[in-house]
Amino acid sequence: MTTLNTRSLTIGYEKPLVYNIDIMIESPHTLLVIGPNGVGKTTLLKTLAGLIKPHAGKVYVNEIDVTGNSELAGMFMDYVPQLLSSTVSSSFPISVWEFIEFSLILHSKKTKTRISESEMRKIVREVLCIVGIDNSLWYRSIWKLSGGERQRLLIARALANDQPII
């Protein structure tokens, strides 16, 4: 079981958007963050993932302080960004299959785990099928995908890494 919690978290960019957030979530659990544009939903998720440092407070996963440390937070969670271009340069030529495969290689290096080629192929195939990316697109450039297909690809990448928190 994985536990994510925040203590007196105040988030925002130049100015705070949301103050004193206390969350405690134990896996398996689903959390839905809803609200109008500009209220801090994405800012909250980026802060939980360690991509943004909060104005105040702490983020813990299994009582390990991951506040503002995306590398440490990445040991427990994966983040699905709104845009693929925030993850990969549009000049980088990579296929759908290679994108997931490369992510698995990076994740295995980060976590110091070994993954065989056959296991990697199985995972890539499985997550692409789960998110509904047709096999006719697997060897196409990620930049030739529609916006919706790119979002599916980002979700597949998060699923492939099999983190307890997405």
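Let's start with two helices, H3 and H5. H3 passes H5 in a right-handed crossing. This is a predicted model, so read every value as computed from it. The two axes come within 9 Å. They cross at roughly 30 degrees. Angles under 35 degrees count as roughly parallel, and H3 and H5 are therefore roughly parallel to each other.

Which residues make that meeting? On the H3 side, look for Val96, Phe99, Ile100, Ser103 and Leu104. On the H5 side, look for Leu153, Leu154, Ala156, Arg157 and Ala160. What kinds of residue are they? Eight are nonpolar, one is polar and one is charged.

Now step back to the protein chain. How many helices and strands does the chain have? Five helices and five strands. The order is β-β-β-α-β-β-α-α-α-α. The radius of gyration is 17 Å, close to the 15 Å that the globule rule gives for 166 residues. So the chain is as compact as a globular protein of that length. The C-alpha atoms fill a box of roughly 45 × 35 × 25 Å, taken along the principal axes.

How much of the chain is buried? Buried residues make up 40% of the 166. Next, contacts.

Thr10 is in strand S1, which covers residues 3-12. Thr47 is in helix H1, residues 41-48. Buried or exposed? Start with Thr10: its relative accessibility is 6%. Buried means under 20%, so Thr10 counts as buried. Thr47 has a relative accessible area of 1%, so it is buried too.

What do they touch? Leave out neighbours within four places in sequence. Thr10 is then in contact with Pro16, Val18, Tyr19, Asn20, Pro54, His55 and Ala56. For Thr47, again leaving out residues up to four places away, the list is Leu9, Ile11, Ile52, Pro54 and Val59. Find Pro54 on your screen.

Now the backbone. Here is the background. Most residues other than glycine have a negative phi, and most peptide bonds are trans.

Where is the cis peptide bond? It joins Ser27 and Pro28. Its omega is about -5 degrees. Pro28 lies in the loop between strand S3, residues 24-26, and H1.

Next, Lys112. Lys112 is not a glycine, yet its phi is positive, about 55 degrees. Where does Lys112 lie? In the loop between helix H3, residues 96-111, and helix H4, residues 117-130. Is Lys112 buried or exposed? Exposed means over 50%. The relative accessible area of Lys112 is 75%, so Lys112 is exposed.

Last, Asp162. Its phi is positive as well, about 50 degrees, and Asp162 is not a glycine either. Find Asp162 in the segment after helix H5, which covers residues 147-160. Asp162 has a relative accessible area of 65%, so it is exposed.

To recap, go back to the screen. Find H3 and H5, roughly parallel to each other. Find Thr47, buried in the model. Then find Lys112, exposed in its loop. That's my tour.

Notes
Residues are numbered from 1 along each chain as its sequence is written. This is a predicted model: local features need pLDDT of at least 70, side-chain atom pairs count only at pLDDT 80 or more; totals for chains, interfaces and linings use all residues. Side-chain values use heavy atoms; hydrogens and water are left out. Helices (H or I, at least four residues) and strands (E, at least two) are DSSP runs, numbered from the N terminus. Buried means under 20% relative accessible area, exposed over 50%, partly exposed in between (1.4 Å probe, protein chains only). Contact means heavy atoms within 4.5 Å. Axes are lines fitted to C-alpha atoms, for helices over the stretch in contact, and angles run from 0 to 180 degrees between N-to-C directions. Angles under 35 degrees count as roughly parallel, over 145 as roughly antiparallel, 65 to 115 as roughly perpendicular and the rest as oblique. A crossing is left-handed if the near helix is turned anticlockwise from the far one by less than a right angle, and right-handed if clockwise. Ala, Val, Leu, Ile, Met, Phe, Trp, Tyr, Cys and Pro count as nonpolar, Asp, Glu, Lys and Arg as charged, and the others, Gly among them, as polar. The radius of gyration is taken over C-alpha atoms; the globule rule is 2.2 Å times the number of residues to the power 0.38.
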